[in-house]
Amino acid sequence: MAKLETQLETDLAALREQGKVITSVNPIAVLADRLSQDLDSGVAGLGDIAQCLTDLSDKALSQRAHDLADMLGVNADRSLVSQRDALCRMPMQQQRRWCFGAVLTGHPVFALTAEQSDAVGRMVLDPAAPAPALEPSPGITLDEEHDRAMVALGHAREAVGWLNRGILETARSNNSAGWRETPLAPLTVASWVGYDLDGRDDIHWTDSFLFRLREKAAAMDSYAGRLAGVLEINDSDAQESALHGLVARLKEEYEATRADCARFAALKSGAMSLTEAADALTERQGKLVDSAAIAGELRALATATENDALATECLLLAQDIASCGFGAGEIHFRLNALQVRNAMRSVDGRDVSQSRSGSSTRLLMERLNQRILNQSGQQVNFANLDAERTTAGRLMMLAAQILKHIDCAVPIRLLVAECERPLTLLSALYLAKKYGVDDRLDISPLFETQIGLERGADIIGQLARVESYAAYIRRRGRVAVQTGFSDAGRFVGQITASLAIERLHIKLAQIMAEHLSDGVEIVIFNTHGESFGRGGARGSIANRQAYIFSPEARQHFVAAGVPVRHESSIQGGDGYFLFQNRDLARHTILRLYEAEMKPPANEPDALYRQSDLGLDIFLGIKSWHDKLFADPDYGQLLDAFGTNLLPLTGSRPSKRSFTSAGGRRDPSKIRAIPHNATLQQLGYLAHVIGGLGHAAMVDLDSLKGLYDASPRVRTLVDHVVRAKAFGSLNTMLGYALLLDRGFWISRAYHGESRSNIRACRSLADALAGDVRADAIERLVWIFRDDLLDLYHLCDELGYGELRPAAGDRVLMDSLHILRQGLMIYLLILVCRVPRFAEHNVTSREDLIRMALMMDIDSVIAIVEAEFGLGNELKSRDIVAEEGAGQPQTEDYQAIETSILSPVREVYALIVKISLAIGCLYGAHG
């Protein structure tokens, strides 16, 4: 309702002014409390809140679309074709400088449904397009995630082909005699959706194999259709017999692969046995399994034909096939170091990956090195793949079957998470050699922990001196590494992580120059870290690419003469916006191509000359975050409501479990996405904003000089300032207030509604001994103390006032006010549930504690079960309680009408608010 929205804005401005005089005034908490009382008294209804939230959600979606348009440089006055043609006139040697890969990843970040995302994609291109209804998703399956990844990959590939067409047409128009040898855009796509087993055991090997089979069928259909269409236009008299023959082969393979898909899909229902499905695939003669050979045929035919138009189409198709193979793109398998170690335990009856007998790591590595050198490949078939019990062994065998039966040409990446020891990678190589996939598998460590970041380059250096690993690297022609900005930022803070990963990049350039300077390339896969969401940082694509792989680091690789292939993750539904439709994908590919093909800037940067000052800043921020991460109060903050404020966003949903108040999870056990999302939903990205102010005060004058002389420092400070624009410690205190026993006692004492007195006292009783409110409050004072220094720093640097003015952050604050008000109202509703019989396992007090954790799904399920709602009504007495607000009758259906129904409605609004907040941050997590 516009009236409510306007009133919130007016009251928020007035209370902010009042708060400048009366320091105890918290505008968020005051307005939330008032709203809950209006709901209880009937002055406002849930319909009013729902309408107001719809208006606010529309604004949040519009802001999300506007931010994406800014990032991609969407400009209605400049056509995509003209932008492409300008880039295609870039000198050829410059085009070959960098190679870039977009990796579409999954993880639980599909906050919006496919339909909602499509609508937002249209809004990016046309601000007048209607916003979709922002409703929580009922959940998403792995199959649906894979389908969405395939759509995004398809748009990305089309955009790369469109760019390559421009490059070829530009070369032809320049009358270049050798235009058919023109180097095309070195842009690739990949995905790990359906192939990521890190931390999950719900993906069977048959799921992953079937995904790849389906990708092959789709590829065969696409390639055959494209080539047939080209021939229909450019070879009407059917003179190009070899090309027509290739179309027939592709169609035949498509039909055969479709049949394979049907057989493997039937395994789940039991309609087909593994033996039948496997035999049909393995015994089929003449399978097309070498995409590189098909691409080579097309290039040869393009060279031979005198038809320039036909040659162009063949070259474009050949490039697509060479890049993506018989699938939607390259695939990344993903597991963690523990899974690799587990697979090594039975080698010769000795755990070679552990040093239990006191053997040194060097001795273990040499022992394993000799095993690798002497190991011959083991025969792999579907029967022993199905019998394999270890995750790492199963992945290696699955890779073997994919290379053997689907496509032998396109390499597979093996990402090893939580990698801190060279022995882990040597173990992975042993397994790859054992199962015969070491020649097509790129083993890539993920350096994300503090130890991994500090030792990552040295780990590569150690492995380069191991005979078997050095030989493997040279055979593959590349070293592959992955850096985890998001996970690293969780441990040491985002700014520290950015600097640590940059140092890792620079050290890797040195290691490569020292040990692998004979033409071996390095693949650097940077998995985000923008903090505002997994789809990309604020600002342009060029800023985003420079943030995750700095110009200084790039220049070190140039100086070392090391070829680089840079990749970055496109995370889940939020990142897929960049490839949501054809035009957005084209905008994205142009911006990526432009950002990556330009040579590293030679602009001097004082950060790398004044290394002592830079190190002091780095250590100062890191020290602040080390203390925060170790502070028990931080665990209480992250676990205040568990993951119950987060919407369902993936096929691996966060478990919603009840833990007693005061129970603490170790922050290191919380994954990066829910960690980041929780801080978003509580109103303050402490792991981004915190620590810079503290570190700056060590030598403010010198930092001011460094800021003026360092583009890199300016980028990092800008990142913090942007995060602070979203951050509100009053918001965080408002959530803490809901867990404060004193708040509920005071509400009962001062409350106008006598019918709620008992409910407020019940909530106060449930919070007796609960430490969450005090823990959050103590943290807020730490954050505020650090903010004083940040405000001083930013004032000295010319940013001006960081505290919000009257019209600032109104949308974000209004969403939090609505949610906190709804949470108060919801908690009072739950307290109206009558007492259960004493023999029941779950008591009413347990129910209230669950509600205080916002574990509303469990609350609803328990009440339904206790009172037989939705089933045959139970005939059992309800224990009377004074002031419970519920008639004591056998009509348990009244509980459904007056309690559960509004509880469901309120909780749905609360989760919808989470979606809107995620939109403003740019993503969930």
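Select helix α38 and colour its buried residues: Arg844, Asp846, Leu847, Ile848, Met850, Ala851 and Leu852. Buried here means under 20% relative accessible area, with exposed over 50% and partly exposed in between, for a 1.4 Å probe and protein chains only. Helices (H or I, at least four residues) and strands (E, at least two) are DSSP runs, numbered from the N terminus. Because seven of the nine residues of α38 (residues 844-852) are buried, the helix is largely enclosed by the rest of the structure. Next, display what covers these buried residues, which includes α35 (757-766), α36 (772-797), α37 (810-830) and α39 (856-867). Just after α38, select methionine 854, where phi is positive, at about 60°.

The model is predicted: local features need pLDDT of at least 70, side-chain atom pairs count only at pLDDT 80 or more, and totals for chains, interfaces and linings use all residues. Residues are numbered from 1 along each chain as its sequence is written, and side-chain values use heavy atoms, with hydrogens and water left out.

Now zoom out to the whole chain. There are 40 helices and eight strands. The radius of gyration is 30 Å, close to the 29 Å of the globule rule for 925 residues, so the chain is as compact as a globular protein of that length. That radius is taken over C-alpha atoms, and the globule rule is 2.2 Å times the number of residues to the power 0.38. Along the principal axes, the C-alpha atoms fill a box of roughly 90 × 70 × 70 Å. Of the 925 residues, 60% count as buried. Among contacts (heavy atoms within 4.5 Å) with a separation of 6 or more, residues 24 or more positions apart account for 82%.

Select the largest nonpolar core, which has 306 residues; Phe209, Phe264, Phe333, Leu414, Ile443, Tyr469 and Trp744 touch the most other members. Such a core is a set of buried Ala, Val, Leu, Ile, Met, Phe, Trp, Tyr and Cys residues joined through side-chain atoms within 4.5 Å. Helix α40 (residues 893-921) gives the most to this core, with 16 residues. Then centre on leucine 414: leaving aside neighbours within four places in sequence, its contacts include Phe333, Leu395, Leu441 and Ile443.

Turn to the aromatic rings, which form 19 pairs. Rings of Phe, Tyr and Trp (its six-membered ring) pair if their centres lie within 6.5 Å; planes under 30 degrees apart count as stacked, over 60 as edge-to-face and the rest as tilted. Select tryptophan 205 and phenylalanine 382: their ring centres are 5.8 Å apart and their planes at 25°, so the pair is stacked. Tryptophan 205 lies in α8 (residues 205-234) and phenylalanine 382 in α15 (residues 382-387), so the pair ties together parts that are 177 residues apart in sequence. Tryptophan 205 is buried at 3% relative accessibility, and phenylalanine 382 is buried with a relative accessible area of 3%.

For charges over rings, select arginine 172, which lies over the face of tryptophan 179 at 5.3 Å from the ring centre. Arginine 490 lies over the face of phenylalanine 491, at 4.4 Å from the ring centre. The criterion is NZ of Lys or CZ of Arg within 6 Å of the ring centre and within 35 degrees of the ring normal.

Finish at threonine 483, in strand β6 (residues 478-483). Threonine 483 is buried, with a relative accessible area of 0%.
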